[in-house]
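User: Please take a close look at one part of this model. I would like to know what surrounds it and how it sits in the chain.

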Amino acid sequence: MKKSLLWSAGILGILLTACGGGSEQSATSTETTSAPATEAAAADPKGIGEVKSVDLGSGIDASLADAGKAIVDMKCTACHQLNDKRLVGPGFQGVTNRRRPEWILNMITNVDVMLEQDPTAQKLLEECLTRMPNQNLSQADARGILEFMRRNDEEKAGERDAAAK
């Protein structure tokens, strides 16, 4: 009994010693290496991902927006509302005015990298305290969601204008 207790204490001591060392140095090196990446990402309002440019066309594509609404209803509304109120994640209202289309598409399709490297996405994570899950959506699905968000923002702006009159 004493022998096993002595062995356990020895192993615990070794583990604590092995895990405890060098924490100041690793924290410093992490700060040093992540700062340039953050600065580079901050300079790109398009976010991080394969979407580099988006052609929105002249108006809202109703069929694409309808397809996007179906996806939003199925995968997004548990955490996001269509108004400006936060549920788990931020509300969708006004997002197409605050963010570039490329950023929105990259956030939808490349959420893990965006949350790790994009300063805007990281700020949203700090505010909401919950990671957006990767929904494994295609570029076409994400484009439909973007079109639905554009339509939602147009409708909300129209409601706001009508209320002001």
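The part I have in mind is helix 5 (101-109). Which residues of helix 5 are buried, and what covers the buried residues of helix 5?

Analyst: Here is the setting, then the helix, then the pocket.

This is a predicted model, where local features need pLDDT of at least 70, side-chain atom pairs count only at pLDDT 80 or more, and totals for chains, interfaces and linings use all residues. Residues are numbered from 1 along each chain as its sequence is written, and side-chain values use heavy atoms, with hydrogens and water left out.

The chain has 8 helices and 0 strands. Helices (H or I, at least four residues) and strands (E, at least two) are DSSP runs, numbered from the N terminus. Of the 165 residues in the chain, 28% are buried. Buried means under 20% relative accessible area, exposed over 50%, and partly exposed in between, with a 1.4 Å probe and protein chains only.

Helix 5 is mostly covered, with 9 of its 9 residues buried. They are Pro101, Glu102, Trp103, Ile104, Leu105, Asn106, Met107, Ile108 and Thr109. The cover includes helix 4, helix 6 (111-117), helix 7 and helix 8.

Take Ile108, found in helix 5. Ile108 counts as buried because its relative accessibility is 9%. Leaving out residues up to four places away in sequence, Ile108 touches Met132, Leu137, Ala142 and Ile145. A contact here means heavy atoms within 4.5 Å. Ile108 and Ser138 lie 30 residues apart in sequence, yet 9.0 Å apart in space, C-alpha to C-alpha.

Helix 5 also supplies at least two residues of the lining of the largest pocket, as do helix 4 (95-98), helix 7 (119-128) and helix 8 (139-164). That pocket holds about 620 Å³ of space. Its lining has 31 residues, and those closest to the centre are His80, Pro90, Phe92, Met107 and Met132. Met107 is also among the buried residues of helix 5. Met132 is also one of the residues that Ile108 touches.

On the terms: on a 1 Å grid over the protein atoms alone, a pocket is an open set of points where a 1.4 Å probe fits, with protein on both sides within 12 Å along at least five of seven lines; lining residues have an atom within 4 Å of a point. Points are joined across faces, edges and corners, and the volume is the space filled by probe spheres set on them.

Helix 7 gives the largest share of the lining, 5 residues.
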